[in-house]
Amino acid sequence: MDQADIPALLSRLASDEDAARKMAVFKLQSSINDPAFADVFISSGGLIILRRLIMATGGNTLAYSLQSLSRLLEVDMGWDIFEGPAASDLVERVVELIVTNPLVNILRGAMSILVALVSHSQSSTARGVGVGIGAGSASAALRTSPPASFGFRALKPAVAVYPQFFELVIQQLQSADHALCANALMLVNALIRDAVSSDPASVATAAAAAAAGPTTTAAAAAAPAATTPATPGASPAANGVTSPKLGSGGGGGGGGAGAASEDWSKLIKRLQDLGLIKAVYNLMQSSALQDLAHPLLEFQSLTKVLLRKWKEVRIDLERPEHRRALKGLHLASAPDRHHAGANGASGAAADTKGSRRHNPEKWRRLGFETESPASEFDTSGFLGMMDLTDYVRKNEDGFQKLLLEQSSWPLSGRCPVARASLAVTMTLYEHFEVDRSDVEDLSKDLQGYYQSLDGAGVDSKDADRIFRPLLLQWSRLHTAGLQAFFRLWKATGAERDDFEKVAELVRILIEQVVGQAGRTKDVAEVEEELQEHDCGRLRELQMGLLELSFEDQWGTHLFQVRDELRMEALQFVKEQRIRCLLQGSWFARPVPKRDREHLHQQSLSQSGGIQSPPQTGHAQKRRLYEPKAWRFAKLSHNRRYLHYADFPLQTPQDPGLDALTEKIDLSTISSVVSNVSATNEDGVSEIGSGGALSGARSTTTKITVYAFENPDEAAKAGNSSNGANGAAADNSNADASGAATREVAILTLHPVNHSLASEWLDGLLMLLNQAPITAETNKLVSLVSDYGLKIRLLNVRQEAAYAGPPPGAGAVPSREGLDDDYFYEI
């Protein structure tokens, strides 16, 4: 629509015919977001007509009017409609529509207008600073604007008329219409940001963050979100805390204790009570991320800002809310019962009030290091106080039982509950990167998320990395982490000096369980894993992380040391395997079916069992040979020959070299091959290690030793195949030297178990100067080298690195009084 058509458009907007007004406002909503068109429209008195349509019409005409005003505000124009004596009527009308109107298209426009209205107070400050007012005059810039024109102050009269307004806004977070749901969440975010902007201590920060210049309504909504703290009253929303004492402490969170801060504390607590956190948590785990990504990330960023702001609040015993929190901790620990039990008869005779006042361990028995607990909250601030009081309030019985149980323990073995709670708080704080919550980080997260949408849809890994719904379950994670701390303390038998070690285990546990939890994983499952995670597995993870940290610091040196240690371990394992060959071992031999019964009877006779009946002469004539089911092999002492012989049964004493009639010169071996086959094949079985026949079908390893059929011709051909890595030579080679390099099997061994197979296969390969190939041997090499590395790292001491050389080291002794009659002592 052209600017020349604006007079005709205004006449149709002012028409008494509903059809004409509807068509005119429908065309208006598609053209009003052009700044030049909007400027002419406003100067022609269009705002008055648009306000009249919002106040008096309904149906689609009202929906188009609300959408037109929303788009006008997006281009940062038309704010005059909220100024003047009739502005409150317009705001009340919009609030009324949200409360009473069920139509989705009307609710969308109304929510969008309120988002712009509440957010405009922060954008006004930003524009004032941007044109040169200066950061130091930010609060003065706010005072120059009408105090009740924008922000939540403009909504308060209308909300007083419609007190169910907040409840209905929270209900819209469960709407099936994603656009309406997004607008409702943006309104909640705008309310939180406006609460921060009303805090005088945060105005300069908000103004400096948004000083880049005018932005659209959506951008202005995001700009202060990551740089300005949310209202302190929203902290219970992030932590799941509903204690009135925590809410009343909100005045100190932003640096002001005025009535405005207390009102905001009550407001955000009311939003939480209406189910705000649960609704946003469900949205983060839903499949509606693509439409709700911006407001959800904004709310997540506000939650981080909120936690960071609480951490920055110092514990000051001059504040009554801080004194009440500490007193509540003390009273929840049942001090009378504990002090009476500790003092015995003297405690029973003493006055109750006096015993409380003179308890020398009033705070140390709760887990503080000193009797001045306020100073121990310097790191975690009031956030640590909130988490501790929330845990005690929700688990008062367990807290008292734990303290009572520990009262009978030695002082060094008691778990410091308060210190453990503060440690878990800081672990969660670092894990969720709460300090990373500025505008640039929010923009990077949004950009990364939208890039992941290219293609078929959402990349689940990127969504899990960006969206952290478990952050909203801070209180439950803190409680579960603290319970895990107690469990690890008991499981490891820790003492006071081991506190940092247990805290490190808890940090690894949270990184493992919470860090690897997917976006859709329920918090109840996370709590269960925190309680049931194995302590031994944690230690393995800790050692792995320690090795990674060493590699980061000493990468080049560690690689060199590890290579040296691996070579040493390989030589050590080689010697161990060869010693197994020097000791000798029994191997099973395949036995035909017809000889099984005979061998079974022989084994019974040797073991003292029932004797077999004497055989007839005919049966004796039929047996022309004696079956031999066992083969004993042994390496000679000079390690040059492999001796072996076959026996019908295992002898009580291993045979010596003189009893082994066969031998193989190791220099003639060309390759050693192993393969896995199944026992109990047709016509073949084998005898187990106990001497009994094995009829069950199982897998076994067969080791075959090969030699060249014609060693002289193979040497001349220069194509010696030594079977590297245990691979069989290709006997079907078609080249001219195939006949010269043909291999024949000269020895077959059937180990009775996999360990024996590993010893002999790798032992023979190492004798041939080849690398081991079995997993058992390689695992042993890695184990030896890893232990060697750990032993060397244990010898690295910090004091030795900085101590320097001992006194006198490097000094050349004097030659005075010496002649040439001397020698060097080595």
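How many helices and strands are there in the chain? Colour the model by secondary structure and count 37 helices and 9 strands. Keep in mind that this is a predicted model.

**Whole chain.** Show the surface next. The chain exposes about 40,700 Å². Carbon and sulfur atoms supply 51% of that area.

**Largest pocket.** Select Arg 419, Leu 422, Ala 423, Phe 499 and Glu 500. Of the 15 residues lining the largest pocket, these are the closest to its centre. The space here comes to about 360 Å³.

Which elements give two or more residues to the lining of this pocket? Select 417–431, which is helix H25, and 499–513, which is helix H29. H25 gives the most, with 6 residues.

Colour the lining by residue class. You will find 7 charged residues, 5 nonpolar and 3 polar.

**Cysteines.** Select Cys 181. Is Cys 181 buried or exposed? Its relative accessible area is 1%, so Cys 181 is buried. Move to Cys 535. Here the relative accessible area is 19%; buried means under 20%, so Cys 535 also counts as buried.

Finally, look for disulfides. How many does a search of the whole structure find? The search finds 0.

Technical notes
Residues are numbered from 1 along each chain as its sequence is written. This is a predicted model: local features need pLDDT of at least 70, side-chain atom pairs count only at pLDDT 80 or more; totals for chains, interfaces and linings use all residues. Side-chain values use heavy atoms; hydrogens and water are left out. On a 1 Å grid over the protein atoms alone, a cavity is a set of points where a 1.4 Å probe fits but cannot get out, and a pocket is an open set with protein on both sides within 12 Å along at least five of seven lines; lining residues have an atom within 4 Å of a point. Grid points are joined across faces, edges and corners, and a volume is the space filled by probe spheres set on the points. Helices (H or I, at least four residues) and strands (E, at least two) are DSSP runs, numbered from the N terminus. Ala, Val, Leu, Ile, Met, Phe, Trp, Tyr, Cys and Pro count as nonpolar, Asp, Glu, Lys and Arg as charged, and the others, Gly among them, as polar. Accessible areas come from the Shrake-Rupley method with a 1.4 Å probe; for residues, only the protein chains shown count as cover. A disulfide is a pair of cysteine sulfur atoms within 2.5 Å. Buried means under 20% relative accessible area, exposed over 50%, partly exposed in between (1.4 Å probe, protein chains only).
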